[in-house]
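Here are my notes for you, as numbered points. Have the structure open while you read, and click on each residue as it comes up.

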Amino acid sequence: QVQLVESGGGLVQPGGSLRLSCAASGSIFSGNVMGWYRQAPGKQRELVATMTTASSTHYADSVKGRFTISRDNAKNTVHMQMNSLKAEDTAVYYCYIWSGNDYWGRGTQVTVSS
């Protein structure tokens, strides 16, 4: 089992920035994938960004150039710097890890509004 705890969500104006963080604990494989998904009201959960332990990254087209994912393998943490936020980025953001199975955090709300 793996536990994930997110932090860093909140309310920000369009064009602003937020940084999300997530800490994983439990049975974590040395080779794993960590990242972020999001779910907006009335929509399906979608991938935002992922990063392997070898630092290979994948971003959704909608966030490329605005969001940056990073991780600390020694601490089993993943972060996402979100810049130039738009109203359409409003969603609950879920931390994710693949470590033999898929695991999800409880989510943190990000609201972009003036």
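1. Let's start with the aromatic pairs: there are 4 of them. Here rings of Phe, Tyr and Trp (its six-membered ring) pair if their centres lie within 6.5 Å; planes under 30 degrees apart count as stacked, over 60 as edge-to-face, and the rest as tilted. Bear in mind that this is a predicted model, where local features need pLDDT of at least 70 and side-chain atom pairs count only at pLDDT 80 or more, while totals for chains, interfaces and linings use all residues. Residues are numbered from 1 along each chain as its sequence is written, and side-chain values use heavy atoms, with hydrogens and water left out.

2. One of the pairs is Tyr-37 with Trp-104, an edge-to-face case with 4.8 Å centre to centre and 80° between the planes. Tyr-37 belongs to strand β4 (residues 33–39) and Trp-104 to strand β10 (residues 102–104), so this pair ties together parts that are 67 residues apart in sequence. Strands (E, at least two residues) are DSSP runs, numbered from the N terminus.

3. The cut-offs: buried means under 20% relative accessible area, exposed means over 50%, and partly exposed is in between (1.4 Å probe, protein chains only).

4. Trp-104 also pairs with Tyr-96, and this pair is tilted: 4.9 Å centre to centre, 50° between the planes. Tyr-96 is buried, at 9% relative accessibility.

5. Now look at Arg-45. Its charged end sits over the ring of Trp-104, 4.7 Å from the centre. Arg-45 also lies over the face of Tyr-94, at 3.8 Å from the ring centre. The rule for a charge over a ring is that NZ of Lys or CZ of Arg is within 6 Å of the ring centre and within 35 degrees of the ring normal.

6. Last, a check on the backbone. Most residues other than glycine have a negative phi. Ser-55, though not a glycine, has a positive phi of about 75°. You'll find Ser-55 in the loop between β5 (46–52) and β6 (57–59), and it is partly exposed at 48% relative accessibility.

7. Ser-84 is also worth a click: it is not a glycine, yet has a positive phi of about 50°. Ser-84 lies in the loop between β8 (77–82) and β9 (91–98), and counts as partly exposed at 41% relative accessibility.

Note on methods. Helices (H or I, at least four residues) and strands (E, at least two) are DSSP runs, numbered from the N terminus.
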